[in-house]
Amino acid sequence: MARVKVCGFTDGADLRAAVEAGADAVGVISEVPVDTSREVDPAHAADLLADVPPFVTATLVTMPSSAERVVELVRTIGPDALQLHGEWTPDELRFIRAETERKVLVAIDAEDPARAEEFDGVADALVVDSTRESGAGGTGETHDWAATGELADRLTVPVVLAGGLTAENVAEAVRVADPYAVDVASGVERVEGRKDHNAVARFVANAGREMEVV
Ligand SMILES: O=C(O)c1ccccc1N[C@@H]1O[C@H](COP(=O)(O)O)[C@@H](O)[C@H]1O
């Protein structure tokens, strides 16, 4: 059974619905250099994550221009964990981990397994996503789940499967890739930036099942 992260909250009621549905982690997206309806400013991100109860991982998804800015954002927003997209070096990652004392997940593109191997043992987990050229996620596009499963078998750190997941395809994705966790943003929205609570509940349920619940 895969753990579940639901990402890209802009609204407290949507976040609480995901927690109620049983999500293991929730994410807010702040300071990303792409146009996305899921981005919130740091103050709003802090407010949203302040509502996350114990035993649910409050995650900041970000891609600012420097490692120092990541550290500032962690101090402002107060997440439990960080998910970094974009072009980071292993040394920058070591600096961020040491300064923030947070678990750090690095997002890599599914087409770039060499980069995953570069961060194996440096990051706390890898998010294997179908990213844009900039490294940003939220594309709503799937990739080769079997190849990601094979990559996960070669790595020592946990692999989070992301990219184009929905309540309808997540059970099959888990069956094929057998990831540590799955991550969804656009696939459980009713309109851009707002979640469909029913789809979120079905996503969480289906991530833990081999058969789809409709
Ligand atoms: O969702 C975004 O707009 C986004 C922007 C910049 C960096 C990361 C972003 N989202 C992350 O990408 C994955 C996959 O998204 P999707 O399910 O394919 O829409 C998502 O889990 C977010 O963590």
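This is a predicted model: local features need pLDDT of at least 70, side-chain atom pairs count only at pLDDT 80 or more; totals for chains, interfaces and linings use all residues.
View 1. Ala110 sits in a loop. That loop runs between strand S5 (103-109) and helix H5 (113-119). The relative accessible area of Ala110 is 22%. Buried would need a value under 20% and exposed one over 50%, so Ala110 counts as partly exposed. Leaving out residues up to four places away in sequence, Ala110 touches Val128, Asp129, His143 and Thr148. Gly163 lies 53 residues from Ala110 along the chain. The C-alpha atoms of Ala110 and Gly163 are 9.3 Å apart.

**View 2. The largest pocket and its lining.** The volume of the largest pocket is about 380 Å³. Its lining holds 18 residues, and the closest to the centre are Arg3, Ala25, Thr57, Leu105 and Tyr180. Strand S1 (3-7), strand S3 (57-62) and S5 each give two or more residues to this lining. S1 gives the most, with three residues. By class, the lining of the largest pocket has 10 nonpolar, two polar and six charged residues.

**View 3. The second largest pocket and its lining.** Strand S6 (125-129) and strand S8 (181-184) each supply at least two lining residues. The lining of the second largest pocket divides into 12 nonpolar, 12 polar and four charged residues.

Note on methods: Residues are numbered from 1 along each chain as its sequence is written. Side-chain values use heavy atoms; hydrogens and water are left out. Helices (H or I, at least four residues) and strands (E, at least two) are DSSP runs, numbered from the N terminus. Buried means under 20% relative accessible area, exposed over 50%, partly exposed in between (1.4 Å probe, protein chains only). Contact means heavy atoms within 4.5 Å. On a 1 Å grid over the protein atoms alone, a cavity is a set of points where a 1.4 Å probe fits but cannot get out, and a pocket is an open set with protein on both sides within 12 Å along at least five of seven lines; lining residues have an atom within 4 Å of a point. Grid points are joined across faces, edges and corners, and a volume is the space filled by probe spheres set on the points. Ala, Val, Leu, Ile, Met, Phe, Trp, Tyr, Cys and Pro count as nonpolar, Asp, Glu, Lys and Arg as charged, and the others, Gly among them, as polar.
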